[in-house]
Amino acid sequence: MAYDPLKELMLKKAVTIEDNRIKLFHTINYTLYPARALAVVLQLLGEKGGKKYLFELGKTMASDAIDEIYEYFQKVGKFIPDRIKALQPILEISGFAKFDKIEFYKGKIILKLSSHPVIDFSVELFGKNSVVCEFYRAVFSAFCQKLLKFKKCELNESKCISKGDPYCEWVFGKNGKLQ
């Protein structure tokens, strides 16, 4: 049976509802936002502010999220997950994505994602005009940068569901090579 970090957190009551708030580890406040509504908001922000603006927004959001999760681990003195093994569970726990595969291959980090509620609605609503993947490219870049301890990490999109590919794929680094 595959490891399911979110299910394990729920069983261990690490995700709770306290004082009318969803909390992770009893300290980090979370919100639930419908995937379709988020797809529409991100699309409008991307159309109005441009892809660069949407990328910076995603990067800021993810950087803050990972900092908050790390702060919790430091406060309670728990082991802080390190490197590539932590990437998938942290992205799942934080609610950003459950990847089909995250792998190192020929000096590259490759992230593959075939289903994501916000991206799926974005493709349904906006088709090839969707810019929502730019937001998630930034989110995943920020998580990789922080968790893999690179000075700078900007993933390159090599495949995209909105462009007709069977899955989205992001590759790390200049020319897809680890530096």
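A salt bridge is taken here as a side-chain nitrogen of Lys or Arg within 4 Å of a carboxyl oxygen of Asp or Glu. In this predicted model, E154 and R137 meet that criterion, with their closest N and O atoms 3.3 Å apart. E154 lies in the loop between α6 and β6 (155-159), whereas R137 belongs to helix α6, so the pair ties together parts that are 17 residues apart in sequence. E154 is partly exposed, at 35% relative accessibility.

R137 also pairs with E134, at an N to O distance of 2.7 Å. These two residues are three apart in helix α6 and therefore separated by about one helical turn. R137 counts as buried because its relative accessibility is 10%, below the 20% cut-off. E134 is buried too, with a relative accessible area of 15%. Together, E134, R137 and E154 form a network of salt bridges.

The structure holds five salt bridges. Another of them joins K163 to E157, whose closest N and O atoms are 3.1 Å apart. K163 is partly exposed, with a relative accessible area of 48%. E157 is likewise partly exposed, at 31%.

The largest nonpolar core has 46 residues, of which F99, L111, Y136, F140, F143 and W170 touch the most other members. At least two residues each come from α2 (35-49), α3 (51-75), α4 (84-93), β5, α5, α6 (132-148) and β7. The greatest contribution is that of α6, with eleven residues. In soluble globular proteins, nonpolar side chains tend to be buried together.

Strand β5 pairs with two strands described here, β4 and β7. Strands β4 (residues 101-105) and β5 (residues 108-113) are antiparallel and share five bridges. Y105 has K108 of β5 as its bridge partner. Two residues separate the strands of this hairpin, and K106 takes a positive phi near 50 degrees. Strand β7 (residues 168-172) also runs antiparallel to β5, through four bridges. Here L113 is partnered by C168 of β7.

Beyond residues up to four places away in sequence, S114 touches D100, D120, I161, P166 and Y167. The C-alpha atoms of S114 and K101 are separated by 9.5 Å, with the two residues 13 apart along the chain.

Key. Residues numbered from 1 in each chain as written. Predicted model: local features only at pLDDT ≥ 70, side-chain atom pairs only at ≥ 80, totals over all residues. Heavy atoms only, no water. Pairing = 2+ DSSP bridges. Contact = heavy atoms within 4.5 Å. Core = buried A, V, L, I, M, F, W, Y, C linked by side-chain atoms within 4.5 Å. Buried < 20%, exposed > 50% of the residue type's maximum accessible area, 1.4 Å probe, protein only.
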